[in-house]
Amino acid sequence: MEFKNKTVISTGAASGMGLLFAQNIARLGGNVVMCDVNEKVLNEKVDEINKEGNGKAIGVICDVRDYENVCKARDIAVETFGSIDILANFAGGTAVRMRKVDKNAYPEFPDVPIDVYDWGIDVNLKGPFYFAHAVLKQMREQKSGLILNFGSVTGAEGDEYGMDYPTSKAALMFGLTKSIAQFGAKYNIRCVCISPGPVLTREAMGKMKTMLGRAAQPQEIIDLCLYVASDKGEFITGENIMIDGGRSVMRREF
C-alpha cells in the first residue's frame, strides 16, 4: 500500500487516531492536511511529520462544528495539493467525558445540561456531515475520492448516559455512510465507515470485554483504515466494518 501523490484530510489530527492515520499516510508517501482546534499541538505534530521527510503535512486550525472553517480547510487542501483523494472523519468523543461532566451533580441523562449533548452531536455527527458536504464538491469535480467515517461499537450498543455518542455514531455508520455511497457511485466516489470496539487510546478501554479478551492496539485499527483507503480496498463502499474483537457478537447476561 502506498499513497504517493494522494492528498488526505484527517480531522482530529492533533492526537489519537486522526494523528496516527496522518502519520501512516505520510510515511507511505501521501500528503496530509491535518485539521484540529489545538493549534500548538497540531503545529508540533505537523513539524514532526515533515522532519521525517516522506509525505508532506500541513496544519489547518478547524472547528468541525463551523461550516466556514470546514470549507476553508477544503480550499487550503486543493490550493496546496490540487486534489482531495481521501477525507477521514476522526474528530469526535463522548461529550460527558470531553466536557468533564460531574456525574454526582448530573446523575442521569435528563439532568445533564443540553448544551453538553449539543456539543457531542455537533462534533460527532454534524462535523462529518459538514466535511462530506464541502469535500464532495471537489471529489465530484475530480470524479474520484473516498470518505472514511469513523464509527464505534457504541453506535450498535447504546449508552444510557452519554447518549449523544451512540446516536451520532449510529447515524454515521448507517445513514450517512450509505447515503454518501449512493450519491458518490456515479462519480467514482466511495464511502466506508470503520467502527472499532475498545482501543488502547485510553486506559479505561482495556477494561471493556471482547471475545478475544483484549482491546485493540491503535495501529490495528489504522491498518484496516489504510487497506480500505488504498487501491486494495477500492471495491468496498457503503459498508460499516466493525473491528471490535467480537464484542458486538458476545453473549450478554442481563
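Start by selecting Glu220 and Arg214: these two form a salt bridge, with 2.9 Å between the closest N and O atoms. The model is a predicted one. Glu220 is partly exposed at 31% relative accessibility, and Arg214 is likewise partly exposed, at 41%. This pair belongs to a set of nine salt bridges in the structure.

Next, select Glu157 and Arg247. They form another salt bridge, and the closest N and O atoms lie 2.7 Å apart. Here distant parts of the chain are linked: Glu157 sits in helix H6 (residues 154–157), while Arg247 is in the segment after strand E7 (239–243), 90 residues apart. Glu157 is partly exposed, with 31% relative accessibility. Arg247 has a relative accessible area of 14%, so this residue counts as buried, the limit being under 20%.

Move on to helix H2 (residues 39–52), which holds both Lys45 and Glu48, three residues apart, or about one turn of the helix. Their salt bridge has its closest N and O atoms 3.8 Å apart. Lys45 is partly exposed at 21%, and Glu48 is partly exposed at 41%.

Which helix gives the largest share of the lining? Helix H5 (residues 114–142) does, with four residues. Colour the lining by class to see six nonpolar and three polar residues, with no charged ones.

How values were computed. Residues numbered from 1 in each chain as written. Predicted model: local features only at pLDDT ≥ 70, side-chain atom pairs only at ≥ 80, totals over all residues. Heavy atoms only, no water. Helix = DSSP H or I, 4+ residues; strand = E, 2+ residues; numbered from the N terminus. Nonpolar A, V, L, I, M, F, W, Y, C, P; charged D, E, K, R; others polar. Salt bridge = Lys/Arg side-chain N within 4 Å of Asp/Glu carboxyl O. Buried < 20%, exposed > 50% of the residue type's maximum accessible area, 1.4 Å probe, protein only.
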